[in-house]
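Student: Could you take one part of this model and look at it closely with me? I'd like to see how it sits in the whole.

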Amino acid sequence: MTEQLAAEVAERFRLGPVHGWSDLGGTSTTNLRLQLDGPPVVARVHPSSTSKDRVRAMRMAKDAVARAGVPTATGRPAADGSMAVALGDGRIAEVEAELRWDTPMKTPALLSSGFGALATVHDALRQAPLPQAASQVDQANHVGALDVPAAVAPGIARVRRWADPTLTDYADRAQRHLDVVHGLERELVQGQLVHVVHGDFWDDNVLFRGDELVGVVDFGFMARRPRVDDLALTTWFWLLEPASGPPGPPQVGLVAAWLRSYDAAAEIPLSAGERRALPLSIARQPGWSLGRWISELPEGPARAHAHAAADELAVAETVLRDLELWQDTLERGPA
């Protein structure tokens with residue numbers, strides 16, 4: 001089936017013969033590296049729920065980011081001149097130049113560079129005349145601060161129906177934790193800068209070759225939300241890395257330094273209120289596992305995701321426990 005998919009994309013985009021392909025992975029989008037007579041390309045075949053308008057909005061966002069000076073993948077037009085085509089099964093496909101990279105954004109030094117680039121990405125997306133399709137996405141690693149109680153309720157109920165003692169304990173802890181976070185966040189939502197953001201600024205979506213940024217890719221989770229939520233997601237994923245160590249003063253100091261990199265590149269630096277809100281946004285991150293994936297995935301993957309999320313919850317609990325340290329340090333900035 002994938003071989004047929006590669007052949008259909010090659011025909012629609014006039015790529016010539018495909019000598020081989022490899023699956024690059026992806027949450028919902030099928031990403032294929034196609035080996036051609038010339039340089040390889042990446043074919044992105046979006047899920048059936050992604051409209052052509054949405055794909056067009058993502059291309060416009062990438063173009064805006066590139067004009068602002070942050071490299072991203074260049075699109076290749078199809079035979080009819082369009083940047084995206086509907087395949088025979090109705091899914092939308094686009095083709096991009098392959099970016100050569102070798103280093104994921106996981107080290108403190110690369111994260112410092114990445115936060116600076118993210119400020120430029122945010123400025124570009126805030127100012128670009130993006131269509132409405134850029135503002136909303138059906139699935140993403142995100143649940144809004146004011147949406148938490150209603151969003152996580154179906155996931156918590158599903159976990160409890162499984163009657164697995166370990167997962168029931170996870171559901172109980174997660175609900176207590178998110179209830180506290182929700183109560184504290186309600187006081188801080190006003191005054192935050194809200195605009196279209198990247199939505200998944202981490203790991204193999206921020207590509208480095210050595211210490212050089214060579215591309216920001218995969219705008220599939222792009223949507224309109226507070227910019228601090230974008231910063232929080234990146235920080236959350238880093239805190240889950242074994243090499244980062246348990247959240248504590250050293251980790252808080254690094255995040256404060258990364259925010260300095262962000263502010264140095266941003267046209268509108270983070271406000272004091274946004275800095276106080278960021279730790280709570282980090283502590284809220286377990287909400288999207290319950291509110292997005294556990295509640296909607298098929299049974300087997302949902303259970304697997306719940307077990308992984310249960311192991312991650314302690315990180316968010318630690319951030320909440322040390323909230324005063326986080327807020328004071330991020331407001332003050334690194335020493």
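Tutor: Happy to! The protein chain has an accessible surface of about 14500 Å², with 51% of that belonging to carbon and sulfur atoms (areas come from the Shrake-Rupley method with a 1.4 Å probe; for residues, only the protein chains shown count as cover). This is a predicted model, so local features need pLDDT of at least 70 and side-chain atom pairs pLDDT 80 or more, while totals for chains, interfaces and linings use all residues. Residues are numbered from 1 along each chain as its sequence is written, and side-chain values use heavy atoms, leaving out hydrogens and water.

Eleven helices and eleven strands make up the secondary structure of the protein chain (DSSP runs numbered from the N terminus: helices are H or I, at least four residues, and strands are E, at least two). Of its 335 residues, 51% count as buried (buried is under 20% relative accessible area, exposed over 50%, partly exposed in between, with a 1.4 Å probe and protein chains only).

Now zoom in on helix α1, which covers residues 2–12. Its buried residues are L5, A6, V9 and A10. Viewed down the axis of α1, they fall within an arc of 135 degrees, so they line one face of the helix (the arc is that of the directions from the helix axis to the C-beta atoms). E3, Q4 and E11 are exposed on the other side of α1.

What covers that buried face? The cover includes β1 (20–23), β2 (30–35), β3 (41–45) and β6 (92–97) (contact means heavy atoms within 4.5 Å). Finally, just after α1, R14 takes a positive phi of about 50 degrees.
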